[in-house]
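Please look through the structure below before reading my note. Keep the model open while you go through the points.

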Amino acid sequence: MQAFDRNLTDLARLLDAHPEHTPESIAVLCLGPDPDRAVGGYGLEIARHWAAGDPAAAADALERARRRFGLLPPALFVLQHELRLAAGEAPGLARDLLRYGCDAVAAGQYDLGLEALGKAYVMDMRHGFGLTRDIQAALEAAGAYERAAGACPPIERRPADPAADPLVHVGLVVPNQADAVVAYSRRVLHFARHVDRAGFRLSVYVTENMCPRAGLLPTLYASEPTAVRGPATLAELGRLGVPVRIGSTRTPITTAALELARQMAQDAVDVVVLQAGLAMPIDWLATRLAPAPAKLQIHIGLSAYQRGIQATLFDNAVNMAREAAAWPEWAGRQVLVRRGTDIAALDACTPAARAAFGIPADAVLIGTLSNSLDARLSPAFCETMAGVLAAGPRAWYAAGGVVSAPDTLKARFARRGVADRVVFAGQQREPGTFLKMLDIYANEFPTGGSQSVVEAMACGLPVAAMRCADTHAESVGADIVGEPPAIPAFDPRRYRALLETWLRDAAARKAAGRRLRERAEREFSVRTFVRRVCELGAEYARAGCRGASPVGGARHA
């Protein structure tokens, strides 16, 4: 019942252009027997009230539509979304999407429901992590995912012959692959480079969950496909003999997930490793449907809460403790496994030339490396960094990664008169070349990175990081760095003071960098990480009767 594809402004203009659409004629449409015309009528009524500045009447019209249809038609839900934005209630959008997704799944509209649930958690990342903190909401979302999985046909696993193929087959499920600095993409390369080929073989299953896909709800992100974003990554995986299966972007969510799950069954994958959570419905569903004897999740923000996953691997002790308070027994084990970085590869990198960015050779260069700079370079972070630059005439700041609105970010520094010492260095293929150009690494706040923090430590940089709250993105940087020098609570003044100390005292920053390099060598070896994940998966695969053909889908836990 997608009766129109218009927003509130378009509908208000339509009303102005067609005076025959009176309140009375609109009411006739709303109450008429044709459902599509009724959707259009409610849309016109909502737009009329919105244009008249009467949000309460618009909300009443939405409620009447909900009572008529049971589940609000997507076109009207989009108008509800707009009304929320117009009222300055953006933080409520994530919960609207969660509720709508659960209701759609309950009504049997699985693709619509999964689309809404995934977008609920994407929206939540932009508006304060309220859903992420709400474990009961996550369990409700996971229950809806489980219901959608139960409606899918079961999948039989191709029988494996351990005598003919003694290697444990590990399948990495990822949303996308990219040549830029993206944590889950780099992790795939880490596995491909360092997996023990005497005991394991590796395949990669790319869901393309982040690519545009035909849907009925507002688009919140739109990534280019892996073939465009990651040709160099695909080429390296090919050289390393790692097959990559890329999902379709032309099929609905459930179909895309089923196709990848069937491919994993055909490939006789023994261990499925999921690198996504509730924000990526294709990844979640493909993992759930794949009839593999062992399944692990690498935690990257929120647990999947998926039946059949034997262990969730956390790299952030703070987040692990937060979720442990309500951890369901059926969700498997919580295991702390520190992420790794390829220290030898970083050691081999040559620093980028500062002159290429117009940065003086004698500057004290502070930097950040991220694939989410627009979100991570918050007003509070930029204000703090501007203060640091104002206090140190030799200080410069460089941000590595794509910025969609550099002028907007530059303006935050211009207010303090330091914009001429701020550089946006663009997308980075190799983190080491950018990081080795720096003197100090500054992790963003209130949400910050993780993989780049480990890489900065491995490059011997002093790292300023601050625990702002207990969700993953708000705490992981500080958890990786450790105290000291990590700041244990939100305190921008203390963060600024730490940076200014390192600006003034070269010996202090070198000593801090040396200690963090030692911590990286001791706790963040990529070889150790890959080995532990593979061995844990193999342990579960053996316990799950590798070579058997368990029933697929939600009927098998």
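This is a predicted model: local features need pLDDT of at least 70, side-chain atom pairs count only at pLDDT 80 or more; totals for chains, interfaces and linings use all residues.

1. Residues are numbered from 1 along each chain as its sequence is written, and side-chain values use heavy atoms, without hydrogens and water.

2. Start with helix H2 (residues 23-31) and helix H3 (residues 35-51). Their axes lie 7 Å apart, at an angle of about 140°. Axes are lines fitted to C-alpha atoms over the stretch in contact, and angles run from 0 to 180 degrees between N-to-C directions. Helices are DSSP runs (H or I, at least four residues), and strands are too (E, at least two), numbered from the N terminus.

3. Which residues of H2 meet H3? They are Pro23, Ile26, Leu29 and Cys30. Their partners in H3 include Arg37, Tyr42 and Glu45. Contact means heavy atoms within 4.5 Å.

4. The structure holds zero disulfides (pairs of cysteine sulfur atoms within 2.5 Å). For Cys459, the nearest cysteine sulfur belongs to Cys349, 7.1 Å away. Cys459 counts as buried, at 19% relative accessibility. Buried means under 20% relative accessible area, exposed over 50%, and partly exposed in between (1.4 Å probe, protein chains only).

5. Cys468 is in no disulfide either; the nearest cysteine sulfur, that of Cys382, is 14 Å away. Cys468 is buried, at 18% relative accessible area.

6. Helix H14 (residues 281-289) is largely enclosed by the rest of the structure, because nine of its nine residues are buried. Among them are Trp284 and Arg288. The cover includes helix H7 (110-126) and strand S1 (168-174).
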